[in-house]
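Student: I'd like to go through this one with you by question and answer. Can we put it on the screen and get going?

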Amino acid sequence: MDETSGYVPPKVWTWEKENGGHFASINRPIAGPTHDKDLPVGKHPLQLYSKGTPNGVKVTIMLEELLAKGIEGAEYDAWMIEIGDGDQFGSGFVDVNPNSKIPAMVDRSGSEPVRVFESGSILFYLAEKFGEFLPTAQPARTECMNWLFWQMGSAPYLGGGFGHFYNYAPEKWEYPINRFSMEVKRQLDVLDRHLADNKFMVGDDYTIADMAIFPWYGVLCLGQQYGDAGTFLDVKSYKNMQRWTAEIAAREPVKRGRMVNRSKGDPNSELAERHDASDFDGKTPV
Ligand SMILES: N[C@@H](CCC(=O)N[C@@H](CS)C(=O)NCC(=O)O)C(=O)O
């Protein structure tokens with residue numbers, strides 16, 4: 001028996017539906033669809049099924065950046081997947097992403113639709129397809145992939161670890177909050193030291209590595225993630241991160257990307273769905 005919590009793990013774990021805290025209604029220990037539901041298909045080659053979470057925003061930033069460069073093939077329909085309502089478990093979504101997580105994308109521009117899931121894979125796919133935001137020469141290309149993979153491996157400590165226990169867990173437990181705060185501050189220091197000598201994650205080039213890292217660590221440094229987490233983690237002290245964050249947050253495509261697939265805040269600064277560039281007309285980013 002653990003003397004502090006009184007919890008003794010049973011020999012075999014069983015699923016108690018109510019123990020999932022904030023996410024009890026959607027967390028399950030099994031994969032696969034829960035219901036039949038086809039996904040909508042719009043007029044553009046790229047169909048994005050997502051929500052404006054940090055992982056979703058990576059992709060809408062990339063698409064808006066591509067469009068800002070005048071790349072018409074990057075036109076997209078962004079459909080809302082309400083993960084709180086379990087849309088990610090519909091049969092059509094599971095066909096596109098068997099892992100039932102947003103973002104997921106289908107490229108319908110070729111003879112066969114191509115499904116793409118995992119936000120890092122989507123960024124890489126779009127960068128390769130359009131030849132943008134991924135350096136072609138070495139060592140910059142590999143350095144870009146280094147940081148992209150770094151983000152994909154590190155952010156679950158920030159979101160699933162720190163964010164969960166600091167913000168969402170039904171009680172505040174010191175042990176996990178300490179453990180994940182330590183790790184997130186270490187990660188912020190990794191970024192801050194790197195950005196002391198680099199304008200962007202890959203030297204002077206703005207790349208998919210920046211687009212992957214910004215919605216997690218940049219938005220945290222803006223103090224817009226997990227309630228008072230910015231103060232709690234003293235994000236202002238990471239001066240190079242603050243400089244990099246401000247520069248990326250000021251980009252117009254980033255502002256637009258951050259507005260897409262959101263529906264729970266100020267309707268003047270959100271687009272639940274995006275089907276045309278004109279959908280942004282009259283909207284002001286927060
Ligand atoms: N490694 C995945 C993680 C995606 C992910 O965790 N998505 C969350 C929202 S940010 C989600 O769909 N959650 C729904 C669920 O867990 O059922 C990626 O980067 O695409």
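Student: Where does Pro103 lie?
Tutor: Quick housekeeping: this is a predicted model, with local features needing pLDDT of at least 70, side-chain atom pairs counting only at pLDDT 80 or more, and totals for chains, interfaces and linings using all residues. Numbering starts from 1 along each chain as its sequence is written. Helices (H or I, at least four residues) and strands (E, at least two) are DSSP runs, numbered from the N terminus. On that numbering, Pro103 sits in the loop between helix H2 (91-96) and E3.

Student: And the peptide bond from Ile102 to Pro103, is that cis or trans?
Tutor: Most peptide bonds are trans, and most residues other than glycine have a negative phi. Here, omega from Ile102 to Pro103 is near 0°. That makes the bond cis.

Student: Which two residues does the cis peptide bond with omega of about 5° join?
Tutor: Look at the loop between H3 and helix H4 (140-168), where Pro139 has its place. The bond with omega of about 5° joins Gln138 and Pro139.

Student: Back to the H2-E3 loop: is Ser100 buried or exposed?
Tutor: Ser100 lies in that loop, and its phi is near 50°, a positive value in a residue other than glycine. For burial, count other C-beta atoms within 10 Å of a residue's own, placed from the backbone: 20 or more is buried, 12 or fewer exposed, and in between partly exposed. Because Ser100 has 23 C-beta neighbours inside 10 Å, it counts as buried.

Student: What is phi of Phe133?
Tutor: Phe133 is found in the loop between H3 and H4. It is buried, because 22 other C-beta atoms lie within 10 Å. Like Ser100, which has a positive phi, Phe133 is a residue other than glycine with a positive phi, here near 65°.

Student: What about Ala24, is it buried or exposed?
Tutor: Ala24 is in the segment before E1. Its C-alpha atom is 21 Å from that of Pro103, 79 residues apart along the chain. Because Ala24 has 12 C-beta neighbours inside 10 Å, it counts as exposed.

Student: How many nonpolar, polar and charged residues does the shell around the ligand have?
Tutor: "Near" here means that the C-beta atom, placed from the backbone, lies within 6 Å of the molecule. Residues around the ligand include Ser100, Lys101, Ile102 and Pro103, along with Thr53, Asn55 and Glu118. As for classes, Ala, Val, Leu, Ile, Met, Phe, Trp, Tyr, Cys and Pro count as nonpolar, Asp, Glu, Lys and Arg as charged, and the others, Gly among them, as polar. The shell comes out as four nonpolar, five polar and two charged residues.

Student: What is the order of the four strands in the open sheet?
Tutor: Two strands pair if DSSP finds at least two bridges between them. E1 and E2 are parallel over five bridges, whereas E1 (46-50) runs antiparallel to E3 (104-107), with four bridges. The pairing is mixed, and the order is E2-E1-E3-E4. The edge strands, each pairing on one side only, are E2 (76-80) and E4 (114-117).

Student: How many residues of E2 are buried?
Tutor: Tyr76, Ala78 and Met80 point one way, while Asp77 and Trp79 point the other, and all are buried. E2 is largely enclosed by the rest of the structure because the buried count is five of the five.

Student: At about what angle does helix H1 run to E1?
Tutor: Axes are lines fitted to C-alpha atoms, for helices over the stretch in contact, and angles run from 0 to 180 degrees between N-to-C directions. Contact means that the C-beta atoms of two residues, placed from the backbone, lie within 7 Å. Helix H1 (54-68) lies across E1, E2 and E3, and its angle to E1 is about 155°.

Student: Last one: how far apart are the C-alpha centres of domain 1 and domain 2?
Tutor: The bounds come from an automatic or database domain assignment, which gives domain 1 (1-133 + 265-286) and domain 2 (140-250). Across the boundary, 13 residues of domain 1 are in contact with 13 of domain 2. H1 and helix H3 (119-130) each supply at least two residues of domain 1's side. The two C-alpha centres are separated by 20 Å.
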